[in-house]
Amino acid sequence: MAWRDLGAASPELVLTVAAFVVLLYDAWMTGPSLESPRSGGAGWLALAGVALALLLNAFPPTAPVAFAGMYVRDRLTQAVTLAALLGTGITVLLSPAYLNRFRLPAGEYYALVLFSAVGAILMGAARNLVVLFLGLEILSFPLYTLAALATRSRRSQEAGLKYLLLGAFGTAFFVYGVALVYGAAGTLDLSRLAGVPLTPLLGVGVALLTIGLGFEAALVPFHAWAPDVYEGAPLPATAFMSVIAKVGAFAGFLRVFPLALPAAAAQWSAALVAVAVVTMIWGNLAALFQTNLKRLLAYSSIAHAGYMLIGIAAPGPAGTLGVLYYLVVYAVMNLGAFGVLILLERRGEEADEIADLAGLWGRAPWAAGVLALCMVSLAGLPPTGGFIAKLYLFRAALQGGHTTLALVAVLTSVVSVYYYLRVAAAALSGTAPDAVAPRRSATVGIALALAGAGVLWFGILPSTLTAFVQQAVQALR
Amino acid sequence: MTPGPLTLLLAIPLAGAAAAAAMDAREERRLRAIGLVAMLLTFLLAAWVWLRFAPGVAGLQFEERAPWVPAVGMTYHLGVDGLSVSLTALVAFLFPIALGASAGQIHDRVKPFVVTLLLLETGLLGTFLAQDLVLFYVFWEAMLVPMYFLIALWGGPGRMRAAIKFFLYTMAGSVLMLLAIIAVYLNAARLPGGSTFDLPVLLTHPLGVTGSTETLLFLAFAVAFAIKMPVWPLHTWLPDAYAACPPVVTVLLAGLMAKAGAYGLLRFCLPLFPDASRAFGPLLSGLAVVGILYGGAIAWTQRDMRRLLAYGSMSHMGFILLGIFALDATAVQGSLIQMINHGISTGALFVLAGLLLDRTGRARTDEYGGIASLVPAFSAVTLIVVMSSLALPATNGFIGEFLILLGTFETRPAAAVIATLGVVVAVAYLLAFVGRVFHGPVREDLRGLADLTPRERALVVPLVLVIFWTGLYPQPLLDRSAATVNALLNRVAGTTAVQPQASRGGPPRAVTPGSPPAGASPTAFAAGQGGTPRKGR
């Protein structure tokens, strides 16, 4: 290991160091009282770490391949890092008000968030199946803990346990897949898998890898944990996991499928198309019937995983471009939607029913506006980033000749409009229930402003981000 | 690139929306004033563009082109030609009237109402100005969102259901069009221009799709536009939406959004898929005739004023569709004129119906009677507008329907003859409406009904003026569209093998992929750059 290797992994290192600093700071401030400090210091430290990592991410390293060829920081890694860091940064801004209100341990919370982000980024940088597995574990273990962070809430405990058990199950599939791939190919190096002939053993191994990643991305039929965990976990944790797990999982998909196994496209494409179709249909149909916003957004996130899988199932540069663009936009719009919920409180609890949104317009017009904007974007309507992202994916599907896939995607998008606009209309009409009160928070306000601006920017002036992810795609060919 | 007048046309309402959004929600008068000022400025600019538009030129004028997402071949390309210049002016004309008419109807949440209205205006204007397929689609879909909220938040009973039905119906059509747009784009990869969404560049070469592919693509586009118009049998969202809307929003829905559908057929379906347009012409003409008669007949049976006008509007849209797919220059000219007329007349009818509803709260025609003697000015204006809808000579409606029927008789005589019955049906339901509401014994409980206030007179007088102006002197409108319509029909007929502008001289020029300079585009009207079009012919 040389210094150069550490330079390549500098964003991950910065985040890791920041996480430890946050933990130490928290321990120092807590002292013997065992009561978490109420100041936002830990949050600001975490934010500084994210900002520094974002800055470092802007500069490509001199030697992209590091750690004996197991790690690579190329343009794709940079794009994945951007999505992960945007998600993490907005989450950190969204959290302080909620953590104070519900007396959650801020130090542990921020440290776990940062560790999890490191895992997602590592998955994007994996050039070796072991590193991919490492990333998956670093990503998901903090998420299990985050789901169970509200120690006084039984719902939160149940969510954490459920997530842990099913997540471990998924990870087991993944690691078994790694073993089979090694048995078939004699290598764990993703860059060398392309030349390996497709034997049944390799096929089974890749299928098991897919199941493991499918758990993380909440693809149907591996999605069953998502609604319960989303509903039970504390709101900021739900918001964060909805984004970071997708970033990590799809980074993994990109590293394994279009990049490592392009030659065997015909074999795995059909299976992925089937999974994508089922996921889009099931996620959107189930979301139609939800009255709880966290569950609704859970099914919505399942549906979005289905859309992103289009970019994997329709291989080629267009698909990869679509997935990367979608990840960034998804991080911003989904966190914007969750951010508005974080502002609401119903008698000392989370206000997470659609009915709780009624009359929000009169009390917090800007928050209602951002919510409506994010819903429009999630539905994939112009002039928002969600539309451009879907446009790129549909283009990839049609270019790959997957007309059925594109048809299912657009028709389920129409279905999704029904529930997204119901939420938006609820926030913009009616009279506010007495029990629900919108809280004021400067950091949440900043986060919402960022999310709203991002959604519009990626929708109206998409060329900057497109050019950025385009570079990532071209560098791989 | 310095922004030209068309960009400004989009920017003014957008800036108005931003200004209104930044204001205190309690200052309702000032909010309305800001909205009105933005809309009037937009109208002045649109009128200026309309006046400066050089008649007799087929290609685009006031063109603006800038890279938008070069990596994917999306361009920011705006322009007006004979198809769109008058419609753009119509949009800018009707919005201030709608806002003015809303004063009596919209009392709560004035600020979001003004903002939403201005966003809708931006979307509509963009739909008529965009020359890039994705840019068009962005505006096309983006105008749905404000319209959804206008119905869902300010509508009457059943508004939520009507709003979502309207949205899902229209969106189901448009997403298929989105796929077709992408397919056209991917298909263009084989052409010398390379993959692009830029419509004029796409049109410089035959698209090269044939057979069932062309049929499917044509249908994907046509269905999206047909739902918006709406064409029978895709109209079932219409009565609910029109009845649940606040009346001023119906003015926009019927007066303007329906036109966007008809315009789309002319702008995209006909030039992109000439063979399929010819092949489907008879079928669509048949649907148009059915729509004319069906809409008229249902309107006759309606007792709810707004449903009556909604079905009547649908019947009149049938004439426009008939004219388009007659594929005859006279008929298409008539359709374009009729789009303007329909916007003015139907818009005026809904404005008047809204004024009546504000006063009495009664939607059913049989709850009225004999109000002509109570509100003479209101009755006179209504009668004029009804006459215009009936296509009485000297009003605008006559010119449009006459040209449509004349042109259609050339190519599809049977359809023209049956459609003429539609004119008779219109007389039946509209005069029945006038008879029930304005004549007969005076109902005692309507004794205190107030006539038009000065503010309301200011709203309806411009509409009446346009009705007579178009009716008596339609030449400026016809001049502006003639050249473009001829070029379009030549293209559909296949008489110019490669491009509609071949008659202007010069062989078809290959366009370099990615960055076609505006001046090098065969469709670019060079003298129109920077807003200094050639005058005269």
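Two residues are in contact if their C-beta atoms, placed from the backbone, lie within 7 Å. By that rule, residues 24 or more positions apart account for 81% of the contacts in chain A with a separation of 6 or more. In chain B the corresponding share is 79%. The structure is a predicted model. Chain A has 477 residues and chain B has 537 residues, and the two chains touch each other.

**Chain A overall**

- The secondary structure of chain A consists of 20 helices and five strands.
- The C-alpha trace of chain A spans about 65 × 55 × 40 Å along its principal axes.
- A compact globule of 477 residues would have a radius of gyration near 23 Å, and the 21 Å of chain A agrees with that.
- Of the residues in chain A, 63% are buried.

**Chain B overall**

- Chain B contains 19 helices and two strands.
- Taken along the principal axes, the C-alpha atoms of chain B fill a box of roughly 75 × 60 × 45 Å.
- For 537 residues, a compact globule would have a radius of gyration near 24 Å; the value for chain B is 22 Å, which agrees.
- Buried residues account for 61% of chain B.

**Where the chains meet**

- The contact between the chains involves 24 residues from chain A and 28 residues from chain B.
- On the side of chain B that touches chain A, the elements giving two or more residues are strand S1 (61-69), H5, helix H6 (144-154) and H7 of chain B.
- H7(B) provides the largest share of that side of chain B, with 13 residues.
- The side of chain B that touches chain A is made up of 27 nonpolar residues, no polar residues and one charged residue.

**The nonpolar core**

- The largest nonpolar core has 414 residues.
- The residues with the most contacts inside this core are Leu114(A), Ile310(A) and Met375(A), together with Ile151(B) and Leu179(B).
- Helix H14 (residues 317-343) of chain A gives the largest share of the core, 20 residues.
- Leaving out residues up to four places away in sequence, Met375(A) touches Ala337(A), Tyr420(A), Leu421(A), Val423(A) and Ala424(A).

**A helix pair in chain A**

- Helix H16 (residues 365-378) and helix H18 (residues 403-428) of chain A have axes that come within 9 Å and cross at roughly 170°.
- Angles over 145 degrees count as roughly antiparallel, and H16(A) is therefore roughly antiparallel to H18(A).
- From H16(A), the contact uses Ala368(A), Leu371(A), Ala372(A), Met375(A), Val376(A) and Leu378(A).
- From H18(A), the contact uses Tyr420(A), Leu421(A), Val423(A), Ala424(A), Ala427(A) and Leu428(A).
- The contact of H16(A) with H18(A) has twelve nonpolar residues, with no polar and no charged ones.

**A helix pair in chain B**

- The axes of helix H5 (residues 133-142) and helix H7 (residues 159-187) of chain B come within 10 Å and cross at roughly 170°.
- H5(B) and H7(B) are therefore roughly antiparallel to each other.
- On H5(B), the contact is made by Leu133(B), Val134(B), Tyr137(B), Trp140(B) and Glu141(B).
- On H7(B), the residues involved are Ser174(B), Leu178(B), Ile181(B), Val184(B) and Tyr185(B).
- By class, the residues of this contact are eight nonpolar, one polar and one charged.

**Backbone details**

- Most residues other than glycine have a negative phi, and most peptide bonds are trans.
- In chain A, a cis peptide bond with omega of about 5° joins Val220(A) and Pro221(A).
- Pro221(A) is in the loop between helix H9 (200-217) and helix H10 (225-232) of chain A.
- In chain B, Met229(B) and Pro230(B) are joined by a cis peptide bond with omega of about -10°.
- The loop between helix H9 (211-228) and helix H10 (238-244) of chain B holds Pro230(B).
- Ala68(A) is not a glycine, yet has a positive phi of about 55°.
- Ala68(A) sits in the loop between strand S1 (65-66) and strand S2 (71-72) of chain A, and counts as exposed because 11 C-beta neighbours lie inside 10 Å.
- Ala391(B), also not a glycine, has a positive phi of about 65°.
- Ala391(B) lies in the loop between helix H15 (376-389) and helix H16 (396-411) of chain B, and is buried, with 26 other C-beta atoms within 10 Å.

Key
Residues are numbered from 1 along each chain as its sequence is written. Chains are lettered from A and ligands numbered from 1 in the order in which they are written. This is a predicted model: local features need pLDDT of at least 70, side-chain atom pairs count only at pLDDT 80 or more; totals for chains, interfaces and linings use all residues. Axes are lines fitted to C-alpha atoms, for helices over the stretch in contact, and angles run from 0 to 180 degrees between N-to-C directions. Helices (H or I, at least four residues) and strands (E, at least two) are DSSP runs, numbered from the N terminus. Angles under 35 degrees count as roughly parallel, over 145 as roughly antiparallel, 65 to 115 as roughly perpendicular and the rest as oblique. Ala, Val, Leu, Ile, Met, Phe, Trp, Tyr, Cys and Pro count as nonpolar, Asp, Glu, Lys and Arg as charged, and the others, Gly among them, as polar. The radius of gyration is taken over C-alpha atoms; the globule rule is 2.2 Å times the number of residues to the power 0.38. A residue is buried if 20 or more other C-beta atoms lie within 10 Å of its own, exposed if 12 or fewer, and partly exposed in between; C-beta atoms are placed from the backbone. A nonpolar core is a set of buried Ala, Val, Leu, Ile, Met, Phe, Trp, Tyr and Cys residues joined through C-beta atoms within 7 Å.
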